[in-house]
Amino acid sequence: MLTTNPFDDDKLKEECGVFGVWGAAQASSLVALGLHALQHRGQEAAGVVSWDGKNYHQYRNMGHVAGTFDKPKVIRRLAGSAGIGHVRYSTTGDTALRNVQPLYADLAMGGFALAHNGNLSNAMTLRKELNRRGSIFQSTSDTEVIIHLLATSQKDGTVDRLTDALKRVEGAYSLVCLMPDGLVACRDPLGVRPLVMGKLGETTIFASETVALDVIGATYIRDVEPGELIIVNDDGLRSFRPFEPARARPCIFEHVYFSRPDSIIEGTSVYETRKAIGAQLAAESPCNADYVVPIPDSGVPAAIGYSQASGIPFELGIIRSHYVGRTFIQPSQDVRHLGVKLKHNANSALIAGKSIVLVDDSVVRGTTSLRLVQMMRDAGAREVHMRIASPPTRYSCFYGVDTPKRSKLIAAQMGIEGMRDYIKADSLAFITLDGLYRALGDERDANAPQRCDACFSGDYPTSLTDFESEPPEQLSLVAKS
């Protein structure tokens with residue numbers, strides 16, 4: 001099969017997106033729209049669970065939100081004034097319908113549905129313990145561990161049981177849950193993964209990003225704070241702080257790559273932050289060139305910032321097709337490499353004879369950069385310089401981002417000059433970690449970093465119980481589908 005983006009394994013994969021609604025006439029319609037706005041966070045599968053005051057209704061499917069939840073008959077099935085939804089890219093567990101969220105279970109205290117963005121770094125250890133105690137798992141997702149911990153908790157009340165369960169997990173989680181008590185939203189004590197709250201009239205909404213609020217016409221109220229648990233029901237909204245206080249460490253890569261540029265994170269425009277990152281990169285690693293060329297689409301804001309700070313004109317030297325799916329035709333092996341031009345193609349009339357600066361958001365394996373540099377040379381570029389709007393990715397993420405094993409990360413295997421030689425660029429430079437913090441308006445505290453930057457620094461904010469040795473490929477012995 002010819003992949004229209006042959007570099008799919010050379011990007012940090014989006015995490016997941018969650019969306020929750022309480023108090024809407026047709027909650028599932030709003031959930032579907034919100035998930036569509038969060039599609040960039042996970043393209044593998046999508047699901048919605050709704051509640052009509054008596055019964056839960058659910059629908060999950062592999063693939064995109066469009067094509068599944070744009071069908072009136074599906075929305076009609078999802079009756080009720082409350083609902084939660086999830087878009088998925090798997091970071092643990094296999095790619096199969098049984099792992100598509102929200103997960104749902106009939107527990108002793110009633111129905112419980114859960115959508116989770118993040119990753120639990122002790123899920124395997126907890127799963128083994130629960131298995132020994134008789135728990136029977138239906139998925140290979142780490143998220144199901146939370147449901148079993150809740151089901152076996154000795155606390156009274158669903159919220160207390162959920163809190164008790166979450167106190168046993170380590171890692172990153174932003175959750176939206178439907179339960180008899182109402183709609184619950186919760187963020188881990190370090191706030192690694194984002195979660196925001198909005199209002200649409202009397203309707204309360206929770207989402208991974210503010211852009212999902214914009215799409216449905218809702219007003220952004222505030223971020224769910226790290227370590228905060230919010231429950232909303234017909235009696236109103238209540239906020240709890242059930243966890244021990246901790247210094248927040250939100251993921252720095254949300255600013256660099258994951259969030260949509262039209263979102264607001266921590267009160268700051270992602271688009272403006274990425275331009276500031278590009279400007280900082282230009283100050284740290286200037287270059288004498290004719291044009292600044294972004295790698296579309298994620299490199300565009302940083303390239304604009306680099307261009308504005310350096311005075312080098314910004315030009316679209318690479319054109320991206322937005323009308324090709326992930327797979328297209330079944331070719332012979334000798335034309336498989338042509339897949340790159342289905343999605344990215346050089347603007348040869350602009351590039352020929354010119355010295356260019358290519359700006360991208362990250363380098364993972366290096367194969368993308370290698371082929372893009374070659375594309376520029378084939379188009380007649382005189383010089384090709386690479387500038388990267390994040391520090392070298394030297395460590396794997398265990399908090400909800402699908403990264404290759406460290407042995408596959410090019411920056412973990414060689415220095416910058418070795419990487420430059422590998423991708424065959426005339427020069428290569430990354431923004432420094434301190435420079436990235438400055439672009440975000442901060443100075444990094446090396447002794448207590450203000451953000452989770454472990455993929456760059458190796459400074460993980462939590463224990464990694466399951467990953468003290470080689471990380472497991474999946475959470476069970478069941479073969480991947």
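Select the buried residues of α9: they pack against α8 (270–284), β16 (291–294), β19 (355–360) and β20 (383–388). This is a predicted model, where local features need pLDDT of at least 70, side-chain atom pairs count only at pLDDT 80 or more, and totals for chains, interfaces and linings use all residues. Residues are numbered from 1 along each chain as its sequence is written, and side-chain values use heavy atoms, leaving out hydrogens and water.

Stay on α9, residues 300–310. Its buried residues are Pro301, Ala302, Ala303, Ile304, Gly305, Tyr306 and Ser307. Buried means under 20% relative accessible area, exposed over 50%, and partly exposed in between (1.4 Å probe, protein chains only). Helices (H or I, at least four residues) and strands (E, at least two) are DSSP runs, numbered from the N terminus.

Step on to glycine 311. This residue follows α9 and has a positive phi, near 80°.

Next, the cysteines. Select cysteine 452 and cysteine 251. The closest cysteine sulfur to that of cysteine 452 is in cysteine 251, 6.0 Å away, too far for a bond. Cysteine 452 is buried, at 7% relative accessible area. Now pick cysteine 287: this residue is buried too, at 16%.

Finally, zoom out. The protein has 16 helices and 21 strands. Of its 481 residues, 58% are buried. Contact means heavy atoms within 4.5 Å. Among contacts between residues at least 6 apart in sequence, 68% join residues at least 24 apart.

Conventions
Disulfide = S-S within 2.5 Å.
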